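Reader: I have some questions about how the labels for this model were assigned. Please give the value and the cut-off each time.

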Amino acid sequence: MERLPLATNPVTERNLPSQGRWRDEDYLGFTDHARRLVEFTDGCIEKLPVPTDRHHRVLGELYRLFFAWLGDSGVVHFAGVRLRIREGKYREPDLLLLCDRTDGRRQNRFWLGADLVMEVVSPDDPNRDWITKRADYAEAGIPEYWIVDPIAEAITVLELDGPAYAEHGAFGLNARATSPLLPGFAVDVAALFQSD
């Protein structure tokens, strides 16, 4: 992980913890005012790449579909909402969802869990979404994880099976991605990726 030039004021930057020495409250306090997505694991912070136009378009369409499906019963949010995996580890999924808007895991400063999370694969480090975050979200007990890959134009839906994820389905351009959590919900993969 790179050392982040986090502050424009050198005096302020000197007051930030060095990598490996950040605590939960340091991370939460810093990200309360950050303008970039920043994640935290065991004393180290990592800034995430700036999303591309296509990333935002795909994510926006998925948000719209989930929001319409849930109606007033649930809640779905874009990136920027912190999700606590455990003490010492926080992620900021591209999309996170709770089926019940009164769910106690929905906290104002950060969520304590979710029913579904989604990541749009970043070309700078695909393993972060395919491997690292897959393990993180399983550790947090998130029942469903969607990996949306704009390069492959495919969606992989994973379902928690014990301590790890099992593949519910890998959906390409000729398929509709479905959710075990939301029976009847489906995303037309071709329409999602080819509607630029």
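Reader: Why is Arg 91 called buried?
Author: This is a predicted model, and in it Arg 91 has a relative accessible area of 5%. Buried means under 20%, so Arg 91 counts as buried.

Reader: What makes Glu 39 and Arg 91 a salt bridge?
Author: Their closest N and O atoms are 3.6 Å apart. The cut-off is within 4 Å, so the pair qualifies. Glu 39 lies in strand S1 and Arg 91 in strand S5, so the bridge ties together parts that are 52 residues apart in sequence.

Reader: Which salt bridge do Glu 39 and Lys 133 form, and what parts of the chain does the pair link?
Author: Their side chains meet at 2.9 Å, N to O, again within the 4 Å limit. Glu 39 is in strand S1 and Lys 133 in helix H4, 94 residues apart. Both residues fall under the 20% cut-off: Glu 39 has a relative accessible area of 2%, and Lys 133 is at 2%.

Reader: Why are Lys 89 and Asp 136 called buried?
Author: Lys 89 is at 9% relative accessibility and Asp 136 at 3%, so each is under 20% and counts as buried. Their side chains meet in a salt bridge of 2.8 Å, N to O. The pair links strand S5 to helix H4, 47 residues apart.

Reader: Why is Arg 23 called exposed?
Author: Arg 23, in the loop between helix H1 and helix H2, has 54% relative accessibility. Exposed means over 50%, so Arg 23 counts as exposed.

Terms used. Residues are numbered from 1 along each chain as its sequence is written. This is a predicted model: local features need pLDDT of at least 70, side-chain atom pairs count only at pLDDT 80 or more; totals for chains, interfaces and linings use all residues. Side-chain values use heavy atoms; hydrogens and water are left out. Helices (H or I, at least four residues) and strands (E, at least two) are DSSP runs, numbered from the N terminus. Buried means under 20% relative accessible area, exposed over 50%, partly exposed in between (1.4 Å probe, protein chains only).
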